[in-house]
Amino acid sequence: MNKNFLYVASVVLALSFQTVASAGDVFKTQVKPAPPKKQLVVVPPADSAFDDWVRYPYVERATQIVPTAEEQKLGCVIFSRPFVDAIYPETIPLPQERIAKVDGFGAWDQFETLNFALYPLVDLKNINVRVGDLTCGDAKIPSDKIAVRLVTYRDITYPRYSSKGAWRRLPEYLQPVTTSDAPAKEPQRFCLTIRVPQNIPGGVYSGKILLSHDAFDKAIVLPLSFRVLPFKPLRDPNKAFSSYYHMPYAHELVKTKKHDEAWADSVLQREIKTMAEYGHTRFPVVSLSVAEENGKMKFTLNNIDKYMSLMKENGMTGPMVITGGGIGWLYSRMTKKSIGNHIILEQMPPEAFFTQLEEMARTFAKEIKEKNYPAMYFGPLDEISSNELSIQFGCRVYEAFQKGGLKTYTTMEPENPGYKKIYPYIDVFSCQVFEPLYQEIQKRDKELYYCYPNHNSYERKDPVIMCKGGRMTYGFGLWRSGFDILIPWTWRHSTAKHFFRQKGNGGTNILHPETGDVILTTAWENFREGINDLNYIYTLEDAIVKRENSTDPATQKLVKQGKELLQFAWDSVNVQPKYLNIDLWPSDQFDSLRYSMGMLICKLNQTRAVNNKVAPSVIINPDAPALENKTQKFKKIYDQAKASANIEVCSIVNPKTDLLGWKQTEDEASVSLAPAEDGNRKVVKLHINVDLVKDGTGNKSGQYPAGWPGMTFNFKQMPMTTAAYDFVRLKYKLQSNRPKSDKPQKAPLSFLIRLGGGGKSSIDVECPSEILENQWIEVIAPMSTATYDGIASAQTKADHIRTCITERNYQNGDKLDFTFADIEFISLKKPVFASIELSPCLYAALGRVRYTVKMFGRFNEANRLKARLLDAQGKIIATDTTVIPEDKKIVGQLNFDSKIKTGVCQVRFELCGANDKVLVSKTVKTKITR
């Protein structure tokens with residue numbers, strides 16, 4: 001842990017968070033209130049999965065909780081966990097997750113969502129949650145500023161929105177609710193979203209939540225407290241948020257004759273207001289259409305004046321991103337052919353096509369100027385393929401737009417070989433991931449840098465990716481990236497009835513076709529939390545910049561502390577192109593850092609500003625030290641185990657004379673065996689001729705001509721369960737006909753282990769993207785590192801291995817020879833610690849330490865993980881003991897008295913065997929502050 005971060009104790013006041021409940025706590029009760037009239041707003045029914053589709057339920061590893069006598073009487077266990085962590089219908093709460101109250105914090109005009117859950121011990125009918133006013137002296141947060149919503153489950157295609165053949169029931173929607181029912185042992189998670197009134201006094205506001213249901217004759221009283229931070233968070237003027245959006249949908253419902261245009265207009269007004277409340281600061285992306293007027297084709301934005309007026313009313317501004325333009329329709333009209341999926345051309349259109357586009361662009365540019373529209377950026381083609389004709393076509397289309405006076409962007413990925421050719425014709429850099437890195441973006445050769453993180457926005461149906469990865473992407477990750485704007489696909493689906501039988505299934509939120517309400521997902525709630533994180537960052541930066549020349553010693557001290565906190569946050573981000581489901585922060589760390597910033601802002605606001613400077617997005621040293629390399633970390637564990645004879649190896653590089661299941665994929669690849677350099681065994685050789693024109697699969701259904709040639713190994717001849725192994729190890733080298741270089745060259749190799757099951761889950765092995773040719777590369781990766789495709793860990797039967805390249809990362813005509821000396825699965829005979837995650841600082845009022853421990857090696861029924869929290873004097877103040885689950889991942893929590901002494905403390909983890917004998921141990925430092 002960065003020692004400079006330990007200053008926090010001097011500036012942080014007591015934080016109110018969930019207060020943990022012990023098994024002996026007794027809840028207060030009161031007379032049950034009269035039942036409300038309003039019921040749950042029901043989600044429109046989705047299409048059901050096809051009969052031959054497979055359900056993959058979430059596999060819960062926690063053992064069944066033992067209810068107390070009071071909980072038996074109440075009919076439920078009340079618990080909570082950080083909102084970035086999902087609660088599935090199969091979830092069983094940990095005993096330590098019980099809570100006795102609900103707490104949180106927020107600043108003026110901020111939306112802040114708190115949560116708690118009921119774990120029903122019996123079927124519960126007419127569950128009712130009511131929240132009263134929160135008061136602090138004479139001040140109050142009225143109850144109408146607190147929205148109560150239930151996280152509802154829905155059957156979803158899995159593991160991607162486009163998956164076929166598999167589905168999972170996921171915690172998907174946040175719905176307004178007054179009463180609901182729940183079956184026994186299916187958790188019901190409630191969210192309380194507080195909009196903090198502006199200019200109310202700072203302090204802790206108290207109130208209560210009333211819980212009632214038919215199985216208990218009284219109402220349970222759950223105390224609620226909320227600390228108001230007396231400032232309004234600022235938005236970074238250099239960061240913006242938008243999304244792709246299906247604007248006409250509400251008006252399309254009028255065609256069903258159930259609604260009229262006035263209803264549709266009111267729905268549109270409510271939806272755009274909701275978009276603003278969820279962080280949209282820019283006009284959402286809309287589609288450019290083509291119309292014919294007086295015998296001439298022209299571009300048009302349907303109903304744009306109405307939409308723009310509503311957006312301006314809700315604080316949204318330009319520039320505006322415009323997609324489409326009817327290019328495919330115009331091309332087909334002129335050539336009688338299709339541009340194909342992802343722009344795969346068979347012939348170039350006549351020159352008249354580009355002349356017409358340029359004329360249409362010039363006419364529309366004139367209209368934009370005359371109507372004083374905000375700046376607009378146009379993306380006429382989506383994800384252009386990498387074949388040469390398509391790239392030529394793309395360049396000509398973009399050139400026509402620019403010559404006509406319209407500015408452009410492209411969704412082509414930078415690794416596409418044609419990207420350099422189209423780059424001069426775009427004004428905005430756009431990418432689905434945070435690449436290039438911060439330092440490169442600061443050179444600013446384009447007007448804007450925007451990212452469309454579709455992996456967080458419903459594309460990958462993993463709540464960790466959407467919620468925890470989403471919060472990281474929208475907050476600390478965006479700050480750390482240097483990008484200007486996030487525009488995911490999409491704000492909501494175009495209909496409410498989707499998932500199984502509609503092509504694409506893309507979408508996040510849905511619009512209720514009867515009520516016109518926007519039904520939000522848990523993902524978007526976490527996106528908003530990420531935006532809140534970013535607002536706190538910028539508000540602290542602004543407070544620092546306006547005081548950094550102060551001569552007051554107390555102010556100078558706070559400025560120094562603020563910069564240290566920001567530097568710590570910056571340095572501790574494990575920078576990734578995509579924030580998915582691995583190498584993310586401990587769940588408590590987001591709020592811990594935000595609260596630290598909030599309290600420093602309060603302190604700084606009590607001092608005098610000495611200038612009116614506008615803060616930049618980053619005010620600290622951006623050259624962060626590299627965090628521990630994952631490959632080096634796991635290699636260290638492997639090397640230590642090998643040195644102590646603690647490994648067993650299963651190799652699939654066959655030493656005999658046949659390939660035992662290794663087969664080529666695509667025509668450009670071939671596989672062979674050859675003698676190793678030592679002559680004592682065989683190596684596997686993969687030869688690839690890169691062909692960016694021909695589709696090597698022989699498939700004429702529209703695949704990219706640039707494909708994924710490689711080889712596969714089928715496990716039918718040697719059945720293997722991945723759960724039996726801790727690591728996979730590769731040793732390979734590359735030789736090619738590319739010009740020789742003494743510097744690493746781009747040579748990304750994909751290696752994945754495909755698991756069984758309809759979900760097509762896999763374990764990806766991360767290979768270096770750049771290597772020196774003709775040098776051996778060793779890669780060691782844990783088998784537990786499942787990708788976003790990973791379904792339940794119960795699916796551990798290996799189906800096949802695939803290793804391949806993505807041709808678009810290479811040049812046409814490249815000849816590549818990969819030699820694999822080792823591909824082996826490794827198990828450790830004795831247990832070791834793989835990783836330990838917990839927040840670097842803890843707040844006394846929090847009363848808990850959440851941790852995640854991953855183990856390698858073999859275990860038996862007697863093994864237990866014992867976690868102990870030791871205070872600054874070495875006294876044990878909390879202990880937690882857990883059975884080692886099958887997947888060797890332990891999620892636990894240490895609860896302590898909120899009156900604990902502050903200071904540096906330790907969490908000691910011990911793996912114990914029979915008679916509590918310590919087999920292996922590790923200690924992690926953290927900090928308790930008040």
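Predicted model: local features only at pLDDT ≥ 70, side-chain atom pairs only at ≥ 80, totals over all residues.

Q: Okay, in what order do the strands of the 5-stranded open sheet run, and how do they pair?
A: The order is β18-β17-β19-β20-β21, and the pairing in this open sheet is mixed. Its edge strands are β18 and β21 (407-408), each of which pairs on one side only.

Q: Which way does β17 run against β19, parallel or antiparallel?
A: Strand β17 (residues 286-293) pairs with strand β19 (residues 320-324) in the parallel sense, over 3 bridges. Within that pairing V286 stands opposite I322 of β19, and S287 has T323 as its bridge partner in β19.

Q: And β17 with β18, parallel or antiparallel?
A: Those two run antiparallel, with 5 bridges joining β17 to strand β18 (residues 296-300), and S289 stands opposite T300 in β18.

Q: What sits between β17 and β18?
A: The two strands form a hairpin with 2 residues between them, and N294, which lies in the turn, has a positive phi of about 55°.

Q: Which helix lies across β17, β18 and β20?
A: That is helix α6 (residues 351-370), which lies across β17, β18 and β20 (376-379) and runs at about 50° to β18.

Q: Switching to the 3-stranded sheet, what is the strand order there?
A: This open sheet has the order β40-β42-β45, with antiparallel pairing. Because β40 (832-837) and β45 (889-895) stand at the edges with a single partner strand each, one side of each is left without a neighbour in the sheet. Direction ignored, neighbouring strands of this sheet are turned by 25° against each other on average.

Q: How many bridges join β42 to β45?
A: There are 7 bridges between strand β42 (residues 848-856) and β45, which run antiparallel, and K854 has K889 of β45 as its bridge partner.

Q: What lines the second largest cavity?
A: The lining is made up of F83, V84, D85, A86, I87, V151, P171, R189, P463, C467 and T522. Sorted by class, the lining of this second largest cavity has 8 nonpolar, 1 polar and 2 charged residues.

Terms used: Residues numbered from 1 in each chain as written. Heavy atoms only, no water. Pairing = 2+ DSSP bridges. Helix = DSSP H or I, 4+ residues; strand = E, 2+ residues; numbered from the N terminus. 1 Å grid on protein atoms, 1.4 Å probe; cavity = no way out; pocket = protein on both sides within 12 Å on 5 of 7 lines; lining within 4 Å. Nonpolar A, V, L, I, M, F, W, Y, C, P; charged D, E, K, R; others polar. Axes fitted to C-alpha atoms, helices over the stretch in contact; angles between N-to-C directions. Contact = heavy atoms within 4.5 Å.
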